[in-house]
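Work through these exercises with the model open beside you. Try each task before you read its solution.

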Amino acid sequence: MSPTSAPLQTATDAAEAMVEATAERVQRPRRLRRTGALRRMVQETVLTAADLIYPLFVMEGEGQQEAVPSMPNCFRYSLDLLLEEAKAVWELGIGAIALFPLIPHHQKDNAGTESYNPDGLIPRAVRALKQALPELLVITDVALDPYSSEGHDGIVQNGQILNDETVAVLVKQALMQAEAGADFVAPSDMMDGRVREIRQALDAEGWVNVGILAYSAKYASAYYGPFRDALDSAPKFGDKKTYQMDAANAREALKEVELDIQEGADIVMVKPALAYLDVICRIKQHTNLPVAAYNVSGEYAMVKAAAQQGWIDGTAVMLETLTSMKRAGADVILTYFAKEAALALRTEQDKA
Ligand code: PBG
């Protein structure tokens, strides 16, 4: 039938039209959308709690839980409360957490010395977590920014970020984290060649089973704003464009991924996620390694803000967004929504 055909006048016309349509439409995609069970049966992408990594902010103190204003429902936890939160997420089926420290100002310097202090906040957190929850995977961030008086991911000299001198510090940081019991170290600094040097050092020290989750395609993004609020880690001058990638580039992401694979990465990551789904998709086609996506702080904040205004259904948008990342090719998603998503998925299952 053509779209310009006259409106149906009678029941006989309608019946005739149906016979005609039945003859024409061999394929009726709606047949597979008829009921919930059917839709679930043919669903291509199934998001589960096991796909998610929960980033957690840790700080000094006891019994402390500080809200992060630009990230509703996210907190900085002192060690004791961090353990409680970790237990809760483990019980929800989330298998991994990623730790980020709030470092007091007096411990920051240009060389990021505190980043490899074996009695620092992160190694103490890792030891406590591993003792309480040995099965929960603990991922530690390798970069200088939370420890840097300059707020940069590397050592600064005359306004430049030094590459090789920084890598030497990152290696010490990664070794210290492995020693504390981290399952994966996650270099997020974007210095050249750091994956190889970290892998070699880990192997030389006997940490052959400690993995590397490489922030391979990490873009210089305005979406990191709320995270820098959470850790008080914003750059003191300039931006991060001489080491993080230009948002306009996708082929360069493949180059970075290729290098990290050659250098020994176990999992490669794209960050941010939502504005870079095409990059996730291309990397997925390019490698057989698991691909991770980081649903970053600004992506989280946007959804939360609109939901708080009542402008969107926050839970539905959260699940749709996370599903889009998995559909694009992410095997693993780092997200501040992890706990909420695991809860929502459980509720959905109960309803089904
Ligand atoms: C720093 C680091 C950043 C994030 C993770 N590790 C910030 C940055 O590069 O400035 C951002 C995460 C987020 O926004 O959720 N190495």
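## Exercise 1: A salt bridge from a loop to a helix

Asp-331 has a relative accessible area of 30%, so it counts as partly exposed. Here buried means under 20% relative accessible area, exposed means over 50%, and partly exposed lies in between (1.4 Å probe, protein chains only). The model is predicted: local features need pLDDT of at least 70, side-chain atom pairs count only at pLDDT 80 or more, and totals for chains, interfaces and linings use all residues. Residues are numbered from 1 along each chain as its sequence is written, and side-chain values use heavy atoms, with hydrogens and water left out.

Task: find out with which residue Asp-331 forms a salt bridge.

Solution. 
- Step 1. Recall the rule: a salt bridge is a side-chain nitrogen of Lys or Arg within 4 Å of a carboxyl oxygen of Asp or Glu.
- Step 2. Apply the rule. Asp-331 pairs with Lys-284, and their closest N and O atoms are 2.8 Å apart.
- Step 3. Asp-331 sits in the loop between H11 and strand S12 (332–335), Lys-284 sits in helix H9 (residues 277–286), and 47 residues separate them. Helices (H or I, at least four residues) and strands (E, at least two) are DSSP runs, numbered from the N terminus.
- Step 4. Check the partner's cover. Lys-284 is partly exposed because its relative accessible area is 31%.

## Exercise 2: Two more pairs

Task: state where the partners Arg-76 and Glu-66 lie, and say whether Asp-260 and Arg-194 are buried or exposed.

Solution. 
- Step 1. The side chains of Arg-76 and Glu-66 form a salt bridge, 2.7 Å from N to O. Arg-76 is in strand S3 (residues 75–78) and Glu-66 in strand S2 (residues 65–67), 10 residues apart.
- Step 2. Compare their cover. Arg-76 is buried, with a relative accessible area of 11%. Glu-66 is partly exposed, at 32%.
- Step 3. Turn to the second pair. Asp-260 and Arg-194 form a salt bridge with closest N and O atoms 3.6 Å apart. Asp-260 belongs to helix H8 (residues 251–263) and Arg-194 to helix H6 (residues 194–204), so the pair ties together parts 66 residues apart in sequence.
- Step 4. Both Asp-260 and Arg-194 are buried.
- Step 5. The count by this rule is 13 salt bridges.

## Exercise 3: A lysine without a salt bridge

Task: which side chain of opposite charge is nearest to Lys-108?

Solution. 
- Step 1. Side chains of opposite charge can pair when their charged atoms come close. Lys and Arg count as positive, Asp and Glu as negative; His and the chain ends are not counted.
- Step 2. Locate Lys-108. It is in the loop between strand S4 (96–101) and helix H4 (121–132).
- Step 3. The nearest side chain of opposite charge is that of Asp-232, 4.7 Å away. Lys-108 is buried and has no salt bridge.
- Step 4. Look at the backbone too. The backbone oxygen of Asp-232 is 3.0 Å from a polar atom of the Lys-108 side chain.
- Step 5. List contacts (heavy atoms within 4.5 Å). Leaving aside neighbours within four places in sequence, Lys-108 is in contact with residues including Tyr-147, Ser-148 and Leu-231.

## Exercise 4: The ligand

Task: how many residues surround the ligand, and which are the closest?

Solution. 
- Step 1. A residue is near a molecule if one of its heavy atoms lies within 4 Å of it. The ligand has 18 residues around it; the closest are Ser-188, Arg-228, Lys-240, Lys-271 and Tyr-336.
- Step 2. Check the nitrogen atoms. For Asp-153, the distance from a ligand nitrogen to a side-chain N or O atom is 3.0 Å.
- Step 3. Check oxygen. A ligand oxygen is 2.7 Å from a side-chain N or O atom of Lys-218.
- Step 4. Judge the cover. Alone, the ligand exposes 400 Å², and the protein buries 100% of that.
- Step 5. Return to salt bridges. A network of them links Asp-145, Asp-153 and Lys-240.

## Exercise 5: A buried proline

Task: which residues does Pro-55 touch?

Solution. 
- Step 1. Pro-55 lies in strand S1 (residues 52–59). Its relative accessibility is 3%, so Pro-55 counts as buried.
- Step 2. Not counting residues up to four places away in sequence, Pro-55 touches Ala-98, Phe-100, Tyr-294, Thr-335 and Tyr-336.

Definitions and conventions: A polar contact is a pair of N or O atoms within 3.5 Å; within protein, one must be able to donate a hydrogen and the other to accept it, and residues adjacent in sequence count only if both atoms are side-chain atoms. Accessible areas come from the Shrake-Rupley method with a 1.4 Å probe; for residues, only the protein chains shown count as cover.
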